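Subject: Structure handover

Hello,

My notes on the contacts and surface follow below it.

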Amino acid sequence: MPQPDHVMALPVPDAGGLDDDLRAFYAKCEEKLGLVPNVLKAYSLRPAKLRNFIALYNELMLGDSGLSKLEREMIAVVVSSANHCYYCLVAHGQAVRRLSGDPELGEMLVMNYRVAPLEPRHRAMLDFAWKLTTAPHTVVDADRAALRAVGFGEEDIFDICDVAGFFNMSNRVAAGVDMMPNPDYHAMDR
């Protein structure tokens, strides 16, 4: 059974009407990923916000950090699992499968990260991201100390919070506009 056949519940502008820089970015996505992620198509309704989204996403997920790309994607999936964000679970679950080379890990993180046989560093990171998502008012110094105890530094802790915060925001936008992931993600890296 296919998912709904739309990018989002709001109108999506034709890519041909975008400014040159955004069309060039779409072309780079096609070249590297084989598709233009629907989140970009959705944000094209507001081109200035699309540019901001691209810049922030690239800094958080691809920029310099003590967190690996896989660890950042793991956070994205666990936050999205807590929020039941269909778009991000599909898209970032695929990224975990690709980066880890382990399709089972991707599925465990999507469904219930607690069943995954994780090393202590990843367990602590994901426990923190889950708590920050589901009960942010209960995060205390002991939670940050648990991250330090498994080797995370101060900048790493900031990055964990920043990635978790970004995906909490993104999940809410995706839910609010009924954003659908590209169907291609479902079959990738299985």
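Tyr43, Phe53, Tyr57, Phe166 and Phe167 are joined into a cluster by ring pairs. Rings of Phe, Tyr and Trp (its six-membered ring) pair if their centres lie within 6.5 Å, and the planes make the pair stacked under 30 degrees, edge-to-face over 60 and tilted for the rest. This is a predicted model, in which local features need pLDDT of at least 70 and side-chain atom pairs count only at pLDDT 80 or more, while totals for chains, interfaces and linings use all residues. Residues are numbered from 1 along each chain as its sequence is written, and side-chain values use heavy atoms, with hydrogens and water left out.

Aromatic pairs

Over the whole structure the search finds six aromatic pairs. One of them is Phe53 with Tyr57, which is stacked, at 6.1 Å centre to centre and 15 degrees between the planes. Both residues belong to helix 3 (residues 47-62) and sit four residues apart, about one turn of the helix. Helices (H or I, at least four residues) are DSSP runs, numbered from the N terminus. Phe53 is buried at 9% relative accessibility, whereas Tyr57 is partly exposed at 21%. Buried means under 20% relative accessible area, exposed means over 50%, and partly exposed is in between (1.4 Å probe, protein chains only).

Phe166 and Phe167 form an edge-to-face pair, with 5.0 Å centre to centre and 85 degrees between the planes. Phe166 is buried, with a relative accessibility of 5%. Phe167 is buried as well, at 1%.

Asn171 is in helix 9 (residues 154-176) and is buried, at 3% relative accessibility. From Asn171 to Tyr87 the C-alpha to C-alpha distance is 7.9 Å, although the two are 84 residues apart in sequence.

Salt bridges

The structure has nine salt bridges. The rule asks for a side-chain nitrogen of Lys or Arg within 4 Å of a carboxyl oxygen of Asp or Glu.

Glu107 is partly exposed at 31% relative accessibility, while Arg97 is buried at 4%.

Lys131 and Asp143 form another salt bridge, with the closest N and O atoms 3.0 Å apart. Here the pair ties together parts that are 12 residues apart in sequence, because Lys131 lies in helix 7 (residues 120-134) and Asp143 in helix 8 (residues 141-149). Lys131 is partly exposed, with a relative accessible area of 26%; Asp143 is buried, with 17%.

In the salt bridge of Glu154 with Arg148, the closest N and O atoms are 2.7 Å apart. Glu154 is exposed at 52% relative accessibility, and Arg148 is partly exposed at 38%. There is also a network of salt bridges that links Asp19, Asp21 and Arg51.

Surface charge

Which residues gather in a patch of positive charge on the surface? They are Lys28, Lys32, Lys69 and Arg98. Patches are made of residues with over 30% relative accessible area and no salt bridge; like charges are joined within 9 Å, and nonpolar side chains (Val, Leu, Ile, Met, Phe, Trp, Tyr) within 5 Å. Lys and Arg count as positive and Asp and Glu as negative, with His and the chain ends not counted. The place of a charge is NZ of Lys, CZ of Arg, CG of Asp or CD of Glu. Accessible areas come from the Shrake-Rupley method with a 1.4 Å probe, and for residues only the protein chains shown count as cover.

Backbone

Most residues other than glycine have a negative phi. Asp178 has a positive phi, near 55 degrees, and is not a glycine. Asp178 lies in the segment after helix 9 and is partly exposed at 34% relative accessibility. Asp189 has a positive phi of about 55 degrees too, again in a residue that is not a glycine. Asp189 is likewise found in the segment after helix 9, and is partly exposed with a relative accessible area of 35%.

Regards

Conventions. Helix = DSSP H or I, 4+ residues; strand = E, 2+ residues; numbered from the N terminus.
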